[in-house]
Amino acid sequence: MKLLTKPAFCHYHFSSQCRLMALATLFLTILCQLATAQLTITGNIANKNRQPLPYIAVSIRQGKSLIATTISDSTGHYRFQNIQKGAYHLLISHSSYKDSSIPVHLWADTTINLHLDNEKMLQKVEVTGKKPLIQMDLDRLRFNVTGTELVVGNNIWDVIEKTPLVTTSSDGGIRISGTSGVAVYINNKKKVLSGTALKSYLSSMPADNLEAIEVITTPSSKYDAEGGGGILNIVTKKKKEDGLDGSISLTDRQTATNSQSANVFFNNRSGKWDLYSSSYLVNRRRKPESDHNVYFQQPGNEIPLSRRITADGLNRSLSAGANLGIDYQFNKDHIAGLIMDYSGNDDRKRRNAGSHDHYAGYDSLSHSENTDKLNSHTYSLNLNYEGRLDTHGKKLNIDFDALNYTSRNTSLSRTNALDAATYDPLYISDYFRSSAPQHVKNQSFKADFHWPLSSGVNIDFGIRSSFSQIDNDLVFENYVGGNSWAKDFSRSNLFSYDENINASYVQLNQKINGTWAYQIGTRLENTIAKGYLEGEKVVNRNYVNVFPTGYLKYTTSGKKTYTLAVSSRITRPGYWDVNPFRTYTTNKAYFEGNPFLSPSKYYREELSHSLNAGKGSYIFQLAASQTLNEIYALPFEDSAGVVINKKTNYGNKYSYSGAVIYYNQLKKWWQLSATVLTGYIVSKGKYSSNISIDNRSFLLSFSTNQTFTISKKQRLTGNLIANNTFPFTIVNTRVGNRLDTELRIRKSAGAFSFTLSATDLFRSNKDVYRVQAGDLLLKQHYYNDTRSLAFILSYNFGKSTVKKKRDRDTEFENIKSRII
């Protein structure tokens, strides 16, 4: 007898509503679903030639008690309904076949397909268990999507949008439990890009081969310690057939301007060779708007009572990327390969800003025109060996990576003083340009070893070493007339930064029995960083950090789980954050890098509880986190009333949160998912010598996602997605209400799918801030042109059963995450 297990799921889609009536209805639905589940066993009976066998007697027993008996119909189908959870035996009886008994541990709706032969012998049993759509593993939340309609005609980005605890933005941002800085992995291999490049990459990969999305809020010691936002791990199914498969996707999006994107993905496996590649091209245009009001508590001759800056502009981003990978399998135990990767960006921003300064008795007006250009190229190479060393499961992975990144950031700013009565230009008050080329080089090596000590006990350990060199040459020039420019030595600088990170980790996990499991580990990292400003050493750090992690899981007989997890992480400043380059909005407001930034440490403690009741799945999560020496962008005021925004280590943040996740198949045509996240945030610290921070705030957000099957026959579906975050305070910034919405209609036809998407339906996806910083009070409004209408065309070609490319934890992805 051979057992084949295939999970099958209900269709799921993640959307959001914010009306109180809808929320009340949701909670009433949750309460109604908490009743004891009545489960179903179904299946088909066939002979060895897969022909259906009618009139086969099938019984179900629990101990010595006969629970129910049925007979397969003319198509070989049988069915048991209203069965309680528990341990049973399925009995098969017919005069032409051997009587058989199959043990069944029933904890969810289950399909058992039976294959019999003519010699009164059970040939094969295929058990299809219905895994819960949402389940808690030892160190992660697992969103099981394989076999659901959610993956049909979609790409991986579409599925991420509907994953519990995860929120996304139209520009490619990802948050877990409201926290940014998320690392994306594929099959436990890091694939970190950012923004639209990340979204384009994941959108180029069809979801048909997707098994699950794993949300890791407390990463273990095996993962790199960088980043406090958690990990999103994409798990794909593994198949072995040779052949070609791939997909093509085209998108046209209309906001205030028109944007386009194209993605191509293919994978060709032949014998011992595997060749794979993905590429994308994105032309994104936006017309952002902003309105800043600044109030000065101590005005003077050069400092006004208040200042208002209104700005609009045009942002254009042309992004292109491609990778090519080759794997060679020496035998079933050893494989080697390489990945060559390129990504490039050509970003241009044009900004018009008007500044109105109000003094006691008179006003001063000015108009600024700013043009920023950023052109960047990234080349990277990964060499990898993966081997199974013995029959007991010992595995070794070795990676070598090299990366080269170059960028050129240029800016031109011209400010005219205006007549307060006529708004006519009077004279040029400020005119300058700047150039800030950056060059990053990195080489790294890492090795990971997996060692099964005994049944249920495993140990993992590994090492990593990384070397980075960063050079920034900032040149400011003032206009002196004609075609002449003079270097401004007070604002120009040459900054270089060298960093060496060496790390090792060890991790032990054991499944003691069906009830208890645990995992403990620790990661040791040594960082040596040196920074030179105009040849003088201004950064000299050599520090060692220890990052312990631990997990304890308890599972009841009813498959309810309780998990306790603790982890520790580090957030290092990005390479651009330590570059003292300035980006001007007007001549009286600019952003500046900070070469003196220190890394911040992040600790998280979490208790989770999961259960499945009927068609509904529930997860309850309580967490506490501490961010020490947090990096945050804060405003400063200089003696001339210029407002400077700079990232700094202001102090510590403490967060306490709770989350409830719910999923249900309300009707055959209607799926509902909802997440409620609430928290209490405390920020304490000081910056700029005399500005203290002591803030406390509540956080509340609702997310729901609904999928409607409009016509199953026509493969027509509709989706409604909404995420609402109510006002809260973080550090010294009051963040206003933000509602993000999307309505989507999808039509699938063979290998083609057509999607019509409308986002930000109410033009409510805005950033509204109120910042209190010492004697400064700032009120800021940003709108990034996110209301859009898009048409997406996708086509899948080749064999969908081809084994996907091997995804590897390439070290150059760690470096990319700090460049961008």
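Predicted model: local features only at pLDDT ≥ 70, side-chain atom pairs only at ≥ 80, totals over all residues.
Visitor: What share of the residues is buried?

Guide: Of the 820 residues, 53% are buried, where buried means under 20% relative accessible area, exposed means over 50%, and partly exposed lies in between (1.4 Å probe, protein chains only). The accessible surface comes to about 36000 Å², with 56% of it belonging to carbon and sulfur atoms; such areas come from the Shrake-Rupley method with a 1.4 Å probe, and for residues only the protein chains shown count as cover.

Visitor: Why is strand β8 described as largely enclosed?

Guide: Strand β8 spans residues 110–116, and six of its seven residues are buried, so the rest of the structure largely encloses it. Strand β2 (residues 39–47) pairs with β8 in the parallel sense over five bridges, where pairing requires that DSSP find at least two bridges between two strands. Ala46 has His115 of β8 as its bridge partner.

Visitor: Switching to charges, how many salt bridges are there?

Guide: The count comes to 29 salt bridges, each defined as a side-chain nitrogen of Lys or Arg within 4 Å of a carboxyl oxygen of Asp or Glu. One of them joins the side chains of Arg142 and Glu211 at 2.7 Å, N to O. Arg142 belongs to strand β11 (residues 141–144) and Glu211 to strand β16 (residues 210–216), so this pair ties together parts 69 residues apart in sequence.

Visitor: Is that Arg142 buried or exposed?

Guide: Arg142 is buried, at a relative accessible area of 10%, whereas Glu211 is partly exposed at 25%.

Visitor: Which residue does Arg464 bridge to?

Guide: Arg464 forms a salt bridge with Asp224, the closest N and O atoms being 2.5 Å apart. Because Arg464 lies in strand β27 (residues 457–481) and Asp224 in the loop between β16 and β17 (231–236), the pair ties together parts 240 residues apart in sequence. Arg464 is buried at 8% relative accessible area, and Asp224 is buried at 8% as well. A network of salt bridges links Asp224, Arg464, Arg523, Glu525 and Arg572.

Visitor: Where is the nonpolar surface patch, then?

Guide: A nonpolar surface patch of about 910 Å² is made by residues including Ile248, Leu250, Phe752, Phe754, Phe791 and Tyr795. The elements giving two or more residues to this patch are β18 (243–254), β44 (752–759) and β47 (788–798). Patches are made of residues with over 30% relative accessible area and no salt bridge, with like charges joined within 9 Å and nonpolar side chains (Val, Leu, Ile, Met, Phe, Trp, Tyr) within 5 Å. Leu250, for example, sits in strand β18 and counts as partly exposed at 44% relative accessibility.

Conventions
Residues numbered from 1 in each chain as written. Heavy atoms only, no water. Helix = DSSP H or I, 4+ residues; strand = E, 2+ residues; numbered from the N terminus.
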